[in-house]
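Let's walk through this model together, one region at a time. Keep the structure open beside you as you read.

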Amino acid sequence: MEIPLNIHINNNEEESVDIILRLDKKIDNENIHCWIAEKNDGNVEITISYLLENKSIVNKVIRKSNNVLESEDELFNQLWEKYINISSKETIDGVESDNNENNKTIDKEPYDPKLIRIDSKNLSVAQIYDMIKNNEIDLTPDFQRNIVWNSITDKSRLIESMLLRIPLPVFYFSADEDGILQVVDGMQRLTVIRDFMDNKFVLRNLEYLNELNGKIFNKKDNHDKSLPNEYRRRIELTQLICNIIDPQSPQEVKYDIFKRINTVGKVLNAQEMRNAFSKPCTRNLLKTLSHSEYFLKATNNRINPTRMVDKEIILRFIAFYLLDNTNIDIEQKEYNGDVDDFLGNTIELLNKADGKYDDVIIKDFNKAMKNAYSLFGSKAFKKTNLINKSLFVSLSRVLWKIDTEKIDNQLKNKGETYYQNLLESLINEEEVYNNALSASTNQPNKVQIAYKYAQELLRELL
C-alpha cells in the first residue's frame, strides 16, 4: 500500500514537496505496520512504525530527517487519516449489510415546533478555548469519527480566515443536563483552533498573510517565532456564532436538527450521530465494550470500527438487554421496529443513568461474548462469513443469562461442536428462521422469531 504525504523541507529555503510512504512488505505480522519514505530528490528520510493491538496504536516510533519541518505528530496524523480513508474504501465493515431489510416506514408523530429550543450566542474564541480547557466543551479524541483535519494548509487557512476577520460558519452544540456542551457541528474547526492556541502547529502556505508563514501562536521563549500581539488578540477576540440545543428538547427533535445540518462534508452515519449526543460516560461504556477481549474473540476481530459499526451492534445488545433485564431500574420502551428511535432512546437512558449500571452491563456483556465463543467458536454470530446483526442480538439476549460452568459441562457431554452444528442446521433447514435472519430483519415479528429460535436452541442451558 502507498500513502502520499505533502510535507515541507528546509533545503536552504522552505519548500513544499510530495512524497510516498510505502508499507514494508517484509513484515509478516499484519498488526505491525512500518511505513518507509521512497527515495526522493529532497533527501527526505521518514519511517513511521507502530503496532495495532485491540484496535489501538501502541509502540509508535517515528523517525525523520532534520530537513523535514513537520513535527512527528503532524506526520503521523496525516498518514493515519489517509490510511483510515483508504482502508475503509477497500474493506467491508465485517457485518452483513442492512440494505436488504426493506423495512416499512414507521409513521412518526409530528412534534410541536414550540419544543424546538435553540439558543444563539456569540462567544469569543478566547471564551471557547477556556471552556474547552475547563472541560465545559467536550472535545474528547474518540468523539464522532476520530477524524480531524491533518492538512497543514487547511488548518493554517482556517486560522488565516480569523486573522483576516472572515466570519466562520455557525457552530452547533447540544447541552446535556450537566451543562456540558457536546459538539454537533464544528468539532474539526474547534480542534484546529485549540491545537493552534496550544502551539501544536505552525502556519504554512497562507494565501494572503505570507509574512506569518512559519509562525506559532505564542512561543514565549522565542518571540520571533510567535504571532505578533495584535494578531493573537485578533484570534482571541474573534466572535463565533454558536447555536446551543437545550437539554430539555425531546430526543427526536435533537436528532432531527442534527440530520438537517448534517448535510455537508463527511456526513455522519446514524451511530456517529448518536455518539454526538452521548455523554462521556456512555461513549466510554461503548468504547470499553468494543475493546473487550471477549467481544473481539467472539467476533473474530472482523468488525471494522472505522464508522462505529462495532459500537452500533453493541448498542443493539444493550437496548434489548435493558428491555429483558428487570433487575436494572431502567424503563426501556418496547421495540416497535424503528431501530434509530430505539437505539437513540437507549443512548438517552444511558446518559441519564450516568454510569450507574456500567459494571453490571460490562459483566453480562462479557459473559455473553465468552459463552458465544465457547459454544460456537469462530462461527459465532455468523450466517455467512460475516457477522449477522440479528444473530448477534438474539443469541446474546439469551447467552448473558447462562452460567459459563454449565456450558463447559454440557460441551463435555455433547461435544465441542454440538451447538455450532445445531445452529447451522437450524439456519439451513428452518426457512422461517433463515428468513428472519436475512430479510427485513428489523421488523418486530422478525426480531421476535430470531429471539424465540435462540431460546429454543439454548433451552437446555437455561
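Leaving aside its neighbours within four places in sequence, which residues is Arg 234 in contact with? They are Met 162, Leu 163 and Arg 165, where contact means heavy atoms within 4.5 Å. Before going further, please note that this is a predicted model, in which local features need pLDDT of at least 70, side-chain atom pairs count only at pLDDT 80 or more, and totals for chains, interfaces and linings use all residues. Residues are numbered from 1 along each chain as its sequence is written, and side-chain values use heavy atoms, with hydrogens and water left out.

Arg 234 itself sits in helix 5, residues 229-237; helices here are DSSP runs (H or I, at least four residues) numbered from the N terminus.

Now turn to helix 10 (309-324) and its partners. The axes of helix 10 and helix 12 (residues 358-376) come within 11 Å and cross at roughly 110°; axes are lines fitted to C-alpha atoms, for helices over the stretch in contact, with angles running from 0 to 180 degrees between N-to-C directions. Helix 10 and helix 12 are therefore roughly perpendicular to each other, a label for angles of 65 to 115 degrees. On the helix 10 side the contact is made by Ile 314, Phe 317, Ile 318 and Tyr 321, and on the helix 12 side by Val 360, Ile 361, Asp 364, Phe 365 and Ala 368.

With helix 13 (389-399), the axis of helix 10 comes within 9 Å, at a crossing of roughly 35°. Among the residues making this contact are Arg 316 and Phe 320 of helix 10 and Val 393 of helix 13.

Those three names return in the largest cavity: Arg 316, Phe 320, Val 393, Asn 442 and Val 447 are the closest to its centre of the 17 residues that line it. A cavity is a set of points, on a 1 Å grid over the protein atoms alone, where a 1.4 Å probe fits but cannot get out, and lining residues have an atom within 4 Å of a point. About 170 Å³ of space lies in this cavity, a volume being the space filled by probe spheres set on the points, which are joined across faces, edges and corners. Helix 13 gives the largest share of the lining, five residues, while helices 10, 11, 13 and 17 each supply at least two.

Definitions and conventions
On a 1 Å grid over the protein atoms alone, a cavity is a set of points where a 1.4 Å probe fits but cannot get out, and a pocket is an open set with protein on both sides within 12 Å along at least five of seven lines; lining residues have an atom within 4 Å of a point. Angles under 35 degrees count as roughly parallel, over 145 as roughly antiparallel, 65 to 115 as roughly perpendicular and the rest as oblique.
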